[in-house]
Amino acid sequence: MKRVIKRGLLIIFAAFVAVACNAENNSAVAPLSTIEAGESCHVCGMIVANFPGPKGQTAVKNREKTLKFCSTADLFTWLLQPETGAIVQQVYVHDMGAAGSSWEHPSDAHYVDVKQAWYVVGGDQMGAMGATLASFKEKGAAEHYMKQHGGALKGYDEINLELMANLNKPTAHQMPMSHGH
Ligand code: CU1
Ligand code: ZN
């Protein structure tokens, strides 16, 4: 009997902590560690700092070094793998709406939690691996970007492996015209 009550209290406490953390996450964050000149992407091995567009970084269990990703595209490809869930801790993406950020040089001082960010998918600006997800802390900044660069607004929960697989597929209007003989 006593044990049941204890467990009930624990669950309530855990729920409370989860809510409190969520509220705190709803703001820009500093990087876990800044992107160093020669650092390579955990997925593809490209030098992260050499490419335009938003990048990602993550802390994983039992590993001292922060993993870096050349693009939000590579970050999500890694993040959405079933085995990643067991080891992943904090995951941050660049806030492309931050002051001092440009597509060519996102500010490495301004990140946002991957689950709190807004994403523009299918815009006309390319990241390190081609089509990518433009990440923003503010929904308004994402909408503003969308007006200039096209694409669709997505929340974290809408990004899945199917969306990632279709990222670099040409849409109908980009397909080369077929010339009949
Ligand atoms: Cu790459
Ligand atoms: Zn990469």
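## A buried tyrosine to start with

Let's begin with one residue, Y145: its relative accessibility is 8%, so Y145 counts as buried. Buried means under 20% relative accessible area, exposed means over 50%, and partly exposed lies in between, using a 1.4 Å probe and protein chains only.

Before going further, a word on the model: it is predicted, so local features need pLDDT of at least 70 and side-chain atom pairs count only at pLDDT 80 or more, while totals for chains, interfaces and linings use all residues. Residues are numbered from 1 along each chain as its sequence is written, chains are lettered from A and ligands numbered from 1 in the order in which they are written, and side-chain values use heavy atoms, with hydrogens and water left out.

## The overall fold

The protein has four helices and eight strands. Helices (H or I, at least four residues) and strands (E, at least two) are DSSP runs, numbered from the N terminus. Read from that end, the order is α-β-β-β-α-β-β-β-β-α-β-α.

How many of the 181 residues count as buried? The share is 36%. The accessible surface comes to about 11000 Å², and 57% of this belongs to carbon and sulfur atoms; such areas come from the Shrake-Rupley method with a 1.4 Å probe, and for residues only the protein chains shown count as cover. Among contacts (heavy atoms within 4.5 Å) with a separation of 6 or more, 62% are between residues 24 or more positions apart.

## Aromatic pairs

Rings of Phe, Tyr and Trp (its six-membered ring) pair if their centres lie within 6.5 Å; planes under 30 degrees apart count as stacked, over 60 as edge-to-face, and the rest as tilted. In one of the pairs, W103 and Y145 have ring centres 5.8 Å apart and planes at 25 degrees, so this pair is stacked. The pair links distant parts of the chain, 42 residues apart: W103 is in the loop between β4 (88–94) and β5 (111–113), and Y145 is in helix α3 (residues 139–149). Both W103 and Y145 are buried.

Y145 also pairs with F136: here the centres are 5.4 Å apart and the planes are at 50 degrees, so the pair is tilted. F136 has 3% relative accessibility and therefore counts as buried. Elsewhere, F76, Y119 and Y156 form one aromatic cluster.

## The zinc site

Which atoms hold the zinc ion (ligand 2)? It is coordinated by C41 (SG), C44 (SG), C70 (SG) and D74 (OD), at 2.0 to 2.4 Å. Donors are N, O and S atoms within 2.8 Å of the metal (3.2 Å for Na, K and Ca), and sites may look incomplete because water is not among the atoms. Along the chain, the zinc donors follow the spacing C-x2-C-x25-C-x3-D.

C41, at 4% relative accessibility, counts as buried, whereas C44, at 31%, counts as partly exposed.

The copper ion (ligand 1) is coordinated by C44 (SG), M46 (SD) and M129 (SD), at 2.0 to 2.6 Å. C44 lies in the loop between β1 (28–29) and β2 (56–60), and M129 in the loop between β6 (118–121) and β7 (133–136), so the pair ties together parts that are 85 residues apart in sequence. M129 counts as partly exposed, at 35% relative accessibility.

What bridges the copper ion (ligand 1) and the zinc ion (ligand 2)? That is C44, and the two ions lie 3.3 Å apart.
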